[in-house]
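Please look through the structure shown below with the following explanation beside it. The paragraphs start inside one chain and end at the contact between chains.

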There are 2 protein chains.
Amino acid sequence: MADDFVTVTWTPHGTVRLIDQTRLPTEEVYIECRTIEEVADAIRTMRVRGAPAIGVTAAMGLALGAQTIQAENFNAFFAALEGMGSLFTEFFAALEAMGSLLMRTRPTAVNLAWGVRRLLHLARKARDLPLVEIKAALVAEARAMQAEDIRINRAMGQHGQGLLPEQARVLTHCNAGGLATAGYGTAVGVIRAAAEAGKRIMVWVDETRPLLQGARLTAWELQRAGIPATLITDNMAGHFMARGQVDVVVVGADRIARNGDVANKIGTYSVALLARAHGIPFYVAAPISTLDLNLTDGSQIPIEERAPDEVTHIGGRRVAPAGIRVANPAFDVTPASFVDAIITERGVARAPYDVSLPRLAGEA
Amino acid sequence: MADDFVTVTWTPHGTVRLIDQTRLPTEEVYIECRTIEEVADAIRTMRVRGAPAIGVTAAMGLALGAQTIQAENFNAFFAALEGMGSLFTEFFAALEAMGSLLMRTRPTAVNLAWGVRRLLHLARKARDLPLVEIKAALVAEARAMQAEDIRINRAMGQHGQGLLPEQARVLTHCNAGGLATAGYGTAVGVIRAAAEAGKRIMVWVDETRPLLQGARLTAWELQRAGIPATLITDNMAGHFMARGQVDVVVVGADRIARNGDVANKIGTYSVALLARAHGIPFYVAAPISTLDLNLTDGSQIPIEERAPDEVTHIGGRRVAPAGIRVANPAFDVTPASFVDAIITERGVARAPYDVSLPRLAGEA
């Protein structure tokens with residue numbers, strides 16, 4: 001049950017190709033980014049979104065940007081006089097600036113910074129190689145991250161599907177699917193793996209206002225995968241839980257603090273609280289790269305506030321009076337106490353998360 | 001702080017004039033119904049909606065229909081031979097059929113049946129009058145119900161505003177405003193009354209998918225009334241509660257069972273549960289006509305399922321893949337245990353509701 005679409009890829013022409021997620025589900029359009037600015041813009045405008053997907057896309061964007069750095073043209077002798085060091089120092093300063101550009105596009109998902117840092121780290125390690133080789137290594141690393149992300153999601157799927165019963169009505173929020181990753185998906189990957197294992201799965205898809213990633217993306221993916229799905233508005237989840245029609249909730253994550261607090265798409269907190277009140281297990285599926293063990297708890301996670309017109313307009317059409325005040329936080333934080341398990345590619349973490357998460361992450 | 005619009009009115013030309021709520025907030029358009037079928041259609045398509053408003057509209061629709069009943073043309077002698085009774089029996093049978101037509105338009109709000117039954121009751125009482133006088137009395141009664149509804153809402157506002165603190169950030173769901181009533185509003189009436197009493201009120205407006213009555217109607221009304229309001233998507237309510245930014249919740253109701261279970265717009269249940277989990281008072285404002293004391297609890301309230309395209313399309317634009325399954329219950333039931341008080345025009349009811357509600361309703 002592989003995806004029949006590709007979220008993000010490095011093309012043979014040395015460009016970054018993305019499925020334009022703002023055009024789904026009515027149009028399947030791919031865009032080709034030729035500059036790092038185009039990649040940054042695609043992330044900012046959410047043509048590509050989802051924590052793991054923007055991690056890989058940022059890495060590809062940085063690799064793309066690296067190709068354009070003309071450090072060879074600097075006067076190395078002059079640079080040395082100024083105390084600026086070698087050609088590599090020039091190159092690396094430019095690369096870091098590009099990384100900052102990418103990291104400023106979306107503040108909440110930690111994978112973006114993780115993707116950028118991973119390439120910066122590689123560049124530093126390769127500092128004694130000719131720049132042309134460093135540039136090639138950056139492309140290779142970004143492409144490896146894409147392939148790795150799919151392997152990670154499949155491993156996560158295997159670990160996670162064991163948590164689902166033989167027959168399960170699974171509720172998910174937003175899109176933590178193939179489109180939110182390099183492919184296969186995190187939460188949707190768990191659902192796919194359960195279906196592949198022969199379990200009878202039906203999915204409740206929260207439409208996920210304001211940007212409707214559930215209606216537009218998750219419904220589309222599940223339909224393509226042949227997994228039965230029923231679309232609902234976000235405010236119906238509690239109603240169907242109360243009626244005993246939801247067996248389990250699985251969602252993705254944009255950043256997870258050391259104590260297990262989870263930042264994810266706005267509305268996740270309400271779903272988690274409702275699930276707890278109804279005795280329904282609430283699981284988070286996310287790769288190790290989504291952990292931010294430097295943060296002791298979720299209160300330290302920056303929450304992106306997006307433009308009011310995402311709420312006041314739908315598909316370009318005004319649905320609220322002009323001049324009305326709007327709040328539009330893109331994420332919320334679900335306390336670890338509401339999270340029954342965090343599913344990663346290295347296994348399933350349970351509370352206390354400040355013990356289980358660092359252990360999975362390989363900290364001493 | 002009266003409304004500067006009229007939800008529904010009986011015109012001097014003997015027609016029923018409605019503000020078309022499907023066109024708000026971008027266009028303020030009034031439609032004029034000349035037949036009972038046009039009124040029924042306006043209710044079914046939600047050009048007019050809100051339990052008290054459709055109660056008054058149904059009464060006006062029935063009064064409109066009554067004018068067209070040509071019972072005088074029946075052969076009274078022949079009818080008597082057939083055991084069908086008098087002219088009045090003919091007239092009343094036709095009136096009852098019209099009432100059934102209206103009652104079939106929307107199943108959940110009990111006010112609709114209440115409005116129809118009130119006019120049928122009046123007709124029965126007036127059975128010995130000439131038909132032309134009965135017809136005039138029906139119009140007068142429907143018009144009286146409109147004026148009465150506004151008085152009721154103002155009384156409810158007075159009782160309810162006492163429950164709000166001097167400074168209150170009030171969350172409301174859907175539209176229980178002037179547009180949902182003959183004017184002033186139930187939940188919004190409580191908010192208006194608090195503002196009129198000099199309290200510092202700010203309102204969180206849930207947009208209320210799928211039909212966006214919060215974004216389109218409540219936001220519009222509050223803006224006109226000069227009451228500060230912030231529009232949010234439904235899935236943000238829990239987030240702002242968790243941040244301590246919501247002091248109280250006030251919503252309307254479509255039907256209330258004898259035990260205090262409340263049917264209201266889909267999503268109300270989730271808001272009530274979230275409010276309880278955060279220690280935030282949850283109040284329901286509804287006229288006595290919304291009580292259905294014949295139902296022992298909310299499980300007996302019929303829940304209207306509406307068309308899938310309300311979820312898959314917004315403003316005529318498709319937002320979900322073709323062929324996706326959809327659930328679209330228009331209402332949910334909030335258990336009485338989550339309701340801190342029910343505000344009526346006769347005072348505030350508290351648990352146990354099966355004692356307090358019948359007492360307010362004037363049952364022995």
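Two strands are taken to pair if DSSP finds at least two bridges between them. With that rule, this predicted model shows in chain A an open sheet of four strands, in the order E11-E8-E9-E15 and with mixed pairing. Strand E11 (291-292) and E15 of chain A stand at the edges of this sheet, and because each has a single partner strand, one side of each is left without a neighbour in the sheet. The pairing of strand E9 (residues 262-265) of chain A with E15(A) is antiparallel and rests on four bridges, and within E15(A) it is A:Phe331 that stands opposite A:Lys265. In a regular strand the side chains alternate between the two faces of the sheet.

Strand E8 of chain A, which spans residues 255-257, holds A:Arg255. Is this arginine, A:Arg255, buried or exposed? With a relative accessible area of 11%, A:Arg255 is buried, since the cut-off for that class is under 20%. The side chain of A:Arg255 reaches the backbone oxygen of A:Thr108 at a distance of 2.9 Å. Leaving aside neighbours within four places in sequence, the residues in contact with A:Arg255 include A:Pro107, A:Thr108, A:Ala109 and A:Val110, and also A:Asp261, A:Val262, A:Asp292 and A:Ile301.

Among the buried residues of H7(A) are A:Val188, A:Val190 and A:Ile191, together with A:Arg192. Just after H7(A), A:Gly198 takes a positive phi of about 90°. Strand E5 (residues 200-206) of chain A has six of its seven residues buried, and it too is therefore largely enclosed by the rest of the structure. Strand E4 (residues 167-172) of chain A runs parallel to E5(A) and is joined to it by six bridges, with A:Gln167 standing opposite A:Arg200 of E5(A).

Charged side chains supply a further set of links, and a search of the whole structure finds 32 salt bridges over all chains. In one of them the side chains of A:Glu141 and A:Arg118 meet, at 2.9 Å from N to O. This pair links distant parts of the chain, for A:Glu141 lies in helix H6 (residues 131-161) of chain A and A:Arg118 in helix H5 (residues 110-125) of chain A, 23 residues apart. A:Arg306 forms a salt bridge with A:Glu310, and the closest N and O atoms of that pair are 2.7 Å apart. A:Arg306 is buried, with a relative accessible area of 15%, and A:Glu310 likewise counts as buried, at 12% relative accessibility.

In chain B, a salt bridge forms between B:Arg258 and B:Glu363, with the closest N and O atoms 2.8 Å apart. B:Arg258 lies in the loop between strand E8 (255-257) and strand E9 (262-265) of chain B, while B:Glu363 lies in the segment after helix H12 (353-361) of chain B, so the pair ties together parts that are 105 residues apart in sequence. B:Arg258 is partly exposed, with a relative accessible area of 25%, and B:Glu363 is partly exposed as well, with a value of 36%. Returning to chain A, salt bridges that share partners join A:Arg106, A:Glu304, A:Arg306 and A:Glu310 into one network.

The contact between the two chains comes last. Chain A and chain B each bring 56 residues to this contact, and the area buried between them is about 4,200 Å², of which carbon and sulfur atoms give 67%. A:Leu231, A:Asn235 and A:Arg325 supply 14% of the area that chain A buries against chain B, more than any other three residues. The interface also holds two salt bridges by the rule used, one of which joins A:Glu207 to B:Arg209 with the closest N and O atoms 2.6 Å apart. There are 16 residue pairs in polar contact between chain A and chain B. By class, the side of chain A that touches chain B has 31 nonpolar, 16 polar and nine charged residues.

Notes: Residues numbered from 1 in each chain as written. Chains lettered and ligands numbered in written order. Predicted model: local features only at pLDDT ≥ 70, side-chain atom pairs only at ≥ 80, totals over all residues. Heavy atoms only, no water. Contact = heavy atoms within 4.5 Å. Buried area = accessible area lost by both parts, 1.4 Å probe. Salt bridge = Lys/Arg side-chain N within 4 Å of Asp/Glu carboxyl O. Polar contact = N/O pair within 3.5 Å; in protein donor to acceptor, adjacent residues only side chain to side chain. Nonpolar A, V, L, I, M, F, W, Y, C, P; charged D, E, K, R; others polar. Buried < 20%, exposed > 50% of the residue type's maximum accessible area, 1.4 Å probe, protein only. Helix = DSSP H or I, 4+ residues; strand = E, 2+ residues; numbered from the N terminus.
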